[in-house]
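Here are a few notes to read alongside the structure.

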Amino acid sequence: MSDVTVVPTERRVFIDKQSPKAYRALRAAAEAARETAAEAGLDRRLVELVNLRVSQINGCAYCLSVHTRAALGEGETTQRLGVLPAWRDTELFTPRERAALALAEATTTPSDAALQEAAYGMAREALTEEEISAVIWVAIAINAFNRVSIMSKHPVRTAAGQ
């Protein structure tokens with residue numbers, strides 16, 4: 001038997017609604033990260049791949065739903081989205097995308113020093129310093145949103161037209 005008490009979803013606090021000032025600050029930081037990415041030359045499709053990979057690692061169903069739709073809207077393919085968890089085992093991703101995904105994973109699991117060093121090595125070969133910084137900021141932002149949605153237990157609803 002486990003000592004864990006499960007709190008029903010309806011009793012979860014939607015912290016974004018409960019603390020709107022803090023949530024607005026988080027949204028502003030995320031917007032700044034997106035602008036930084038655009039200014040660094042990262043296209044929105046790559047940003048969405050980073051958002052999705054981080055959300056996969058964190059297990060955030062709500063963010064996975066949101067960013068899957070966004071990636072598809074930016075022209076991402078269902079094949080690449082389907083194999084994203086195994087991106088290292090396919091040639092479907094460019095060296096630049098692979099470097100960004102590795103860096104996003106290292107940002108999401110910062111306690112793995114070997115992963116960080118390997119990711120930085122890949123990033124230095126494929127990305128500029130501006131792009132490296134932008135990828136890290138995008139990963140930081142989506143990590144924060146993942147925690148908001150996971151702790152709030154934001155529901156995933158069927159998208160219109162599906």
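1. A quick word on terms: contact here means heavy atoms within 4.5 Å. With that in mind, leucine 115 touches Arg88, Glu105, Ala106 and Thr109, once residues up to four places away in sequence are set aside. Bear in mind that this is a predicted model.

2. Leucine 115 sits in helix α7.

3. How do α7 and α8 cross? The axes of α7 (residues 113-126) and α8 (residues 129-152) come within 8 Å, at roughly 135 degrees. The two helices are therefore oblique to each other, and the crossing is right-handed.

4. Which residues make that contact? From α7 come Tyr120, Ala123, Arg124 and Ala126, and from α8 come Glu129, Glu131, Ile132 and Ile136. Sorted by class, the contact has five nonpolar and three charged residues, with no polar ones.

5. Now look at glutamate 76, in the loop between α4 (61-73) and α5 (78-83). Is glutamate 76 buried or exposed? Its relative accessibility is 4%, so glutamate 76 counts as buried; the cut-off for buried is under 20%.

6. What does the side chain of glutamate 76 pair with? There is a polar contact at 2.5 Å with the side chain of arginine 80. Beyond its neighbours within four places in sequence, glutamate 76 is also in contact with Arg45, Leu49, Ala71 and Leu81.

Notes
Residues are numbered from 1 along each chain as its sequence is written. This is a predicted model: local features need pLDDT of at least 70, side-chain atom pairs count only at pLDDT 80 or more; totals for chains, interfaces and linings use all residues. Side-chain values use heavy atoms; hydrogens and water are left out. Axes are lines fitted to C-alpha atoms, for helices over the stretch in contact, and angles run from 0 to 180 degrees between N-to-C directions. Helices (H or I, at least four residues) and strands (E, at least two) are DSSP runs, numbered from the N terminus. Angles under 35 degrees count as roughly parallel, over 145 as roughly antiparallel, 65 to 115 as roughly perpendicular and the rest as oblique. A crossing is left-handed if the near helix is turned anticlockwise from the far one by less than a right angle, and right-handed if clockwise. Ala, Val, Leu, Ile, Met, Phe, Trp, Tyr, Cys and Pro count as nonpolar, Asp, Glu, Lys and Arg as charged, and the others, Gly among them, as polar. Buried means under 20% relative accessible area, exposed over 50%, partly exposed in between (1.4 Å probe, protein chains only). A polar contact is a pair of N or O atoms within 3.5 Å; within protein, one must be able to donate a hydrogen and the other to accept it, and residues adjacent in sequence count only if both atoms are side-chain atoms.
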